[in-house]
Amino acid sequence: MKKLILFPLMTMFLVSCANENKVVAEEHDYSDVSHLFICWDDIFEIKDRQYFVYIYSETCGHCQEIRQDIISYSLNHDSFYFIKFNSEIPIINDRNLVIGKNKVEELGIVGTPSMFLITDNIVKANYVGKKEIITTLTNSK
């Protein structure tokens, strides 16, 4: 009888110890940040003094790789906005062409993922690629 009671108790203890060390990452989706989406034409209409605008594509592998990091950052920091890539966003060859610009007609992206830092309605920086974007957000915490 003692063995019958002891076995379930030991099993329960081992299972609880095994689960104690597991870290379960919260899975985020773009629907979690739907309130942070803006249109390309509204990129300079944000009232914040300084903000990031992240441009991504659903079909971009690099965008998918950093999706969780980007969404987590935006949920924990103010002044972060999203634009889903579409045909109205111009493609440019030199990312530095947009630095200092304050009109949407003067903007474009080299590819996705891309991210602008806008201060006082002027593009101060243009980050391109997953590594550069993640490094910038990590350093801006």
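Predicted model: local features only at pLDDT ≥ 70, side-chain atom pairs only at ≥ 80, totals over all residues.
Residues are numbered from 1 along each chain as its sequence is written, and side-chain values use heavy atoms, with hydrogens and water left out.

The protein chain contains three helices and four strands, taken as DSSP runs numbered from the N terminus, with helices (H or I) of at least four residues and strands (E) of at least two. Along the sequence these elements follow the pattern α-β-α-β-β-β-α. Of the 141 residues, 35% are buried, where buried means under 20% relative accessible area, exposed means over 50% and partly exposed lies in between, for a 1.4 Å probe and protein chains only. The chain exposes about 9100 Å², of which carbon and sulfur atoms supply 55%; these areas come from the Shrake-Rupley method with a 1.4 Å probe, and for residues only the protein chains shown count as cover. When contacts (heavy atoms within 4.5 Å) between residues at least 6 apart in sequence are considered, 65% of them join residues at least 24 apart.

Helix H3, which spans residues 130-139, has Ile133, Thr136 and Leu137 as its buried residues. These residues lie on the same side of H3 because they cover an arc of only 95° around the axis, the arc being that of the directions from the helix axis to the C-beta atoms. In general, an α-helix has 3.6 residues a turn, so residues three or four places apart point the same way. The face of H3 turned away from the buried side carries the exposed residues Lys131 and Asn139. The cover over the buried residues of H3 includes strands E1 (50-56), E2 (80-84), E3 (114-119) and E4 (122-128), together with helix H2 (61-76).

A search of the whole structure finds 14 aromatic pairs, defined by rings of Phe, Tyr and Trp (its six-membered ring) whose centres lie within 6.5 Å, with planes under 30 degrees apart counted as stacked, over 60 as edge-to-face and the rest as tilted. One of these is the edge-to-face pair of Tyr30 and Phe82, at 6.0 Å centre to centre and with 75° between the planes. This pair links distant parts of the chain, with Tyr30 in the loop between helix H1 (2-20) and E1 and Phe82 in strand E2, 52 residues apart; both Tyr30 and Phe82 are buried. Phe52 and Phe80 form a tilted pair, at 6.1 Å centre to centre and with 50° between the planes, and this pair connects strand E1 with strand E2 across 28 residues. Phe52 is buried at 9% relative accessible area, as is Phe80 at 1% relative accessibility. Tyr30, Phe37, Phe52, Tyr54, Tyr56, Tyr73, Phe80 and Phe82 together form one aromatic cluster.

Five salt bridges were counted, each requiring a side-chain nitrogen of Lys or Arg within 4 Å of a carboxyl oxygen of Asp or Glu. Among them, Glu27 pairs with Arg67, the closest N and O atoms being 3.4 Å apart. Because Glu27 lies in the loop between H1 and E1 and Arg67 in helix H2, this pair ties together parts that are 40 residues apart in sequence. Glu27 is exposed, at 60% relative accessible area, whereas Arg67 is buried, at 17%. In another salt bridge, between Glu132 and Arg95, the closest N and O atoms are 2.4 Å apart; Glu132 lies in helix H3 and Arg95 in the loop between E2 and E3, so parts 37 residues apart in sequence are tied together.

The loop between E2 and E3 also holds Pro90, which is partly exposed at 33% relative accessibility. Leaving aside neighbours within four places in sequence, Pro90 is in contact with Trp40, Leu107, Gly108 and Ile109. Finally, a search of the whole structure finds zero disulfides, a disulfide being a pair of cysteine sulfur atoms within 2.5 Å. Cys60 is buried with a relative accessible area of 10%, and Cys63 is buried at 0% relative accessibility.
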